[in-house]
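Have the sequence and the 3D view at hand, and take your time with each pair.

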Amino acid sequence: MTAVNPNPNPLTIREAVQRLGDKSLSTTGLMADLLTRIQETDESVIAWLDVRPKFLMELAEANDRRRTLPRETTPLFGIPIGVKDMIDLAGYQTVCNMESRVEITEAPRDAEVVHQMRKSGVIFMGKTVTQEAAAGIYSDPCRNPWDTERIPGGSSGGSAAAVANGTCLGAFGTDTGGSIRIPAALCGVTGLKPTYGRLSVEGIFPLSPSMDTPGPIARTVADTMALYLAMQGKHKDIPAMWDRFPLSGASLAGKRIGVLSSFFNEHVQPEILAAQERAVEKMRTLGAEIVECDWQDAELARSAAKIIARIECGQIHRDQLTTAPELMGEELRKRVELGAILPADVWFAMLHARERAKRSISAVYQQQQLDAIIAPTTPVTAPLVGEKEINYADGTSEDTGLALTRFTGPWNATGQPVFAVPAGLDEKALPIGLSLIGRPDQEWELADIAHALEAVIQD
Amino acid sequence: MSDSVSHVREVAQSLGISIQEDRLEQLASAYEATLKEVEATRQSQTPLPTPSPYDAGWEVKR
């Protein structure tokens with residue numbers, strides 16, 4: 001079966017801001033369209049958990065009335081945004097897809113990043129589906145809107161699926177081992193994992209506190225950066241920001257882009273490697289210098305990220321393991337049991353490995369004078385629901401969760417910012433994702449590169 | 001594997017975690033695989049490149 005683009009004519013945040021501003025679009029009209037689309041399609045995609053149509057329409061109407069007043073509105077006034085159900089949104093439960101939390105009280109206040117974004121004028125559409133406790137890549141019961149027999153990836157699967165399906169214009173995700181980037185790749189949208197520690201995690205249910213970060217998912221790099229600014233409370237910078245990302249004529253002159261060998265080329269779907277080669281050629285034509293390089297500690301970084309996440313997750317959920325383990329799903333329970341019993345010397349060995357990985361990747365960037373590295377986001381496109389193993393051409397196989405996090409986890413160990421951008425389709429017409437990995441705290445420089453690539457990669 | 005199963009059972013009990021018998025083997029297998037992976041990371045660590053990245057850090061390019 002060939003997949004179908006669920007939303008062939010997507011409205012971007014940038015376009016919506018412009019059209020709401022010139023009144024060729026009303027918030028009421030936009031909201032009505034999105035709610036209709038949710039009603040018509042979300043029964044099969046299941047990206048949304050808690051959407052309150054009457055409340056949202058009232059908000060939209062108030063929004064339109066406000067636009068008739070002479071006072072200037074805020075930069076993302078009336079833009080509908082989804083919130084992953086690991087993140088507190090005032091007045092909504094934060095269930096985290098955990099049975100033990102189904103009766104939890106509604107959050108009394110917003111998570112810090114939500115609170116900051118609220119100042120930009122967005123409308124929060126509701127909560128999106130997450131993998132249980134954000135610990136995994138399936139995001140059940142959500143499905144991939146390109147092909148509902150396939151998974152959307154996770155753990156921010158609902159957020160990526162909602163954006164891809166055209167039921168909101170952007171969404172919050174969280175990322176500990178790839179949870180923003182994997183669903184962005186599998187659903188054909190754009191995601192940013194910011195530098196670790198750059199955005200507040202206050203009001204976000206933890207998975208692995210030494211690697212957790214929230215981040216935005218949207219349709220374009222510029223939209224993603226607008227949300228990133230809003231998450232920091234810097235919404236006043238958004239109007240000037242749009243000019244940083246011209247709609248044509250982007251250049252990569254003077255940029256040095258690294259292409260990693262070995263670890264990032266093994267057991268990868270050939271069409272994904274071909275997409276990366278196409279991207280590299282396009283970047284070269286835009287003036288970038290392409291540098292072949294190697295990072296010998298990639299596997300080490302992957303192990304460190306994976307095992308640290310297991311141990312921290314084991315500690316966070318340990319009480320439930322002793323009191324009500326039957327309320328945990330199998331995927332979470334396996335992680336927590338293992339994380340809880342691993343000895344302290346494993347923890348210290350992995351902390352050491354993580355530091356080592358940070359230092360060795362910084363040396364690669366320094367020695368090669370790199371601005372960014374390009375790599376596949378995932379080794380395969382969206383697996384089928386229930387496909388627990390990925391089989392490779394050489395006869396080997398790999399657990400689906402381990403396969404999908406293989407190229408994302410290392411960057412959680414190093415804490416670097418990563419842009420996941422769509423890079424065409426495979427032969428089943430499923431989205432392919434590529435990652436651009438930058439230097440810590442260089443999100444804007446990375447966004448410039450991602451924007452230039454975005455402009456040419458879909459040709 | 002039986003040694004691992006006993007060890008995992010013992011550790012879990014000492015932490016007050018009750019693991020059902022039918023889950024122990026799978027957990028012991030994951031436990032052993034993790035210890036092997038940790039050992040492999042210890043073996044695979046190559047000497048740090050020169051100049052030391054302790055000095056290079058994450059200086060902004062150019």
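Are α10(A) and α13(A) oblique, roughly parallel or roughly perpendicular to each other? Keep in mind that this is a predicted model. Two packed helices are described by the angle between their axes and the distance between the axes. Here, α10 of chain A covers residues 298-316 and α13 of chain A covers residues 344-368; they pack at an angle of about 140°, with 9 Å between their axes. Angles over 145 degrees would count as roughly antiparallel, so α10(A) and α13(A) are oblique to each other. Their crossing is left-handed.

Now look at the side chains where these two helices meet. From α10(A), the contact includes L300(A), A304(A), I307(A), I308(A) and I311(A), while α13(A) contributes residues including V346(A), W347(A), M350(A) and L351(A). E312(A) of α10(A) and R354(A) and R356(A) of α13(A) also take part. By class, the contact has 12 nonpolar, 1 polar and 3 charged residues.

Next, follow α10(A) to another partner, α12 of chain A, residues 330-341. The axes of α10(A) and α12(A) come within 7 Å and cross at roughly 95°, which means that the two helices are roughly perpendicular to each other. R310(A), I311(A), C313(A), G314(A) and Q315(A) of α10(A) touch L332(A), R335(A), V336(A), G339(A) and A340(A) of α12(A). This contact divides into 5 nonpolar, 3 polar and 2 charged residues.

Finally, return to α13(A). Its 25 residues reach 36 Å from the first C-alpha to the last, close to the 36 Å expected at 1.5 Å a residue. Just after α13(A) comes Q369(A), with a positive phi of about 55°.

Note on methods. Residues are numbered from 1 along each chain as its sequence is written. Chains are lettered from A and ligands numbered from 1 in the order in which they are written. This is a predicted model: local features need pLDDT of at least 70, side-chain atom pairs count only at pLDDT 80 or more; totals for chains, interfaces and linings use all residues. Side-chain values use heavy atoms; hydrogens and water are left out. Axes are lines fitted to C-alpha atoms, for helices over the stretch in contact, and angles run from 0 to 180 degrees between N-to-C directions. Helices (H or I, at least four residues) and strands (E, at least two) are DSSP runs, numbered from the N terminus. Angles under 35 degrees count as roughly parallel, over 145 as roughly antiparallel, 65 to 115 as roughly perpendicular and the rest as oblique. A crossing is left-handed if the near helix is turned anticlockwise from the far one by less than a right angle, and right-handed if clockwise. Contact means heavy atoms within 4.5 Å. Ala, Val, Leu, Ile, Met, Phe, Trp, Tyr, Cys and Pro count as nonpolar, Asp, Glu, Lys and Arg as charged, and the others, Gly among them, as polar. The expected span of a helix is 1.5 Å times one less than its number of residues.
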